[in-house]
Amino acid sequence: MRNKLALLLLAFCTHAGAQQLALWPDGAPGSEQRRAEAEKVDNTYISNIHNPSLTVMRANPRHANGAAVIIAPGGGHRMLVWQNEGMVAAKSLNRAGVTAFVLKYRLARDQGASYSIENDAAADLRRAVRWVRAHAAEYGVDPHRLGVMGFSAGGELVSLVADNREPTPPAEQDAVDRQSARPDFQVLVYPGPLGVPGKAVQNAPPAFIVAGSSDKCCMPPALALYQQLVGAGVSAELHLYADTDHAFNMGQRSERLSDVHWPDRLADWLSDGGWLIPHDGQPPQGVPAP
């Protein structure tokens, strides 16, 4: 009964018009035998993910601008903080005219899991970037204005994909695999330390980084990555909020006005970078194509 109530709550929290799409038609490589297992839902946290997917949250057509962001919620690679670091973030981006795709990725630290963060979870995010590019026309998004956004553990995936070298691609590829997995911009929200320092920051996309100055876990990698990117000549913006610890989400868990309004700073950065304006299928001026 408890799990049924949790599923009902999750359904309520997930936008009624949201569409969930599997990233691999025959299951993710290495997890085909478990893809039929049901996901576990505890309140609004999700675990036991073996069939990675994207939940599409379209911007209102009245002000959709063609920009898109893939969101990787946090949860310590044990679960996904689906509502506060997934759907709430998606709705915030929708208000800026951005179409959001919330990622369910494989959890390397979930009980009984045999996945790795670097090989499997990061592969899910790379596949998501490729998938959105391959289907960009279907969702009215620009394949050259596609960003990735990650919270905590999800921020580690963003850094692994955006600031580090991609592993050798598999010998067998489909049409999605032939797309570029490099995002056009990256947003890291109190990112964990895995993936920092980046090993390929010279080719990294522009970055927006935010963390709390009191966050002993994730302020140091946020600051270190910012310094590394700027040192490599990559455009980057960093916000460290005073007296703020981990997991302030989209500001709704804090009473500090600066924390509450940090999503406005992200919207400003997206606007300043030209990501909210169509450019005839090209990236903003001065930003190399992936």
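The following legends describe close-up views of a predicted model. Residues are numbered from 1 along each chain as its sequence is written, and side-chain values use heavy atoms, with hydrogens and water left out.

View A. Strands (E, at least two residues) and helices (H or I, at least four) are DSSP runs numbered from the N terminus. Asn-48 is buried at 7% relative accessibility; buried means under 20% relative accessible area, exposed over 50%, and partly exposed in between (1.4 Å probe, protein chains only). The Asn-48 side chain reaches the backbone oxygen of Ala-38 at 2.9 Å. With the side chain of Glu-37, the side chain of Asn-48 forms a polar contact of 3.3 Å (N or O atoms within 3.5 Å; within protein, one able to donate a hydrogen and the other to accept it, with residues adjacent in sequence counted only if both atoms are side-chain atoms).

**View B. The disulfide between Cys-217 and Cys-218.** The structure holds one disulfide, defined as a pair of cysteine sulfur atoms within 2.5 Å; the S to S distance is 2.5 Å. Cys-217 is partly exposed at 43% relative accessibility, while Cys-218 is buried at 0%.

**View C. Tyr-190 and Pro-197 in the loop between strand 9 and strand 10.** Tyr-190, a residue other than glycine, has a positive phi near 35° and is buried, with a relative accessible area of 0%. Val-196 and Pro-197 are joined by a cis peptide bond, with omega about 0°.

Note on methods: Predicted model: local features only at pLDDT ≥ 70, side-chain atom pairs only at ≥ 80, totals over all residues.
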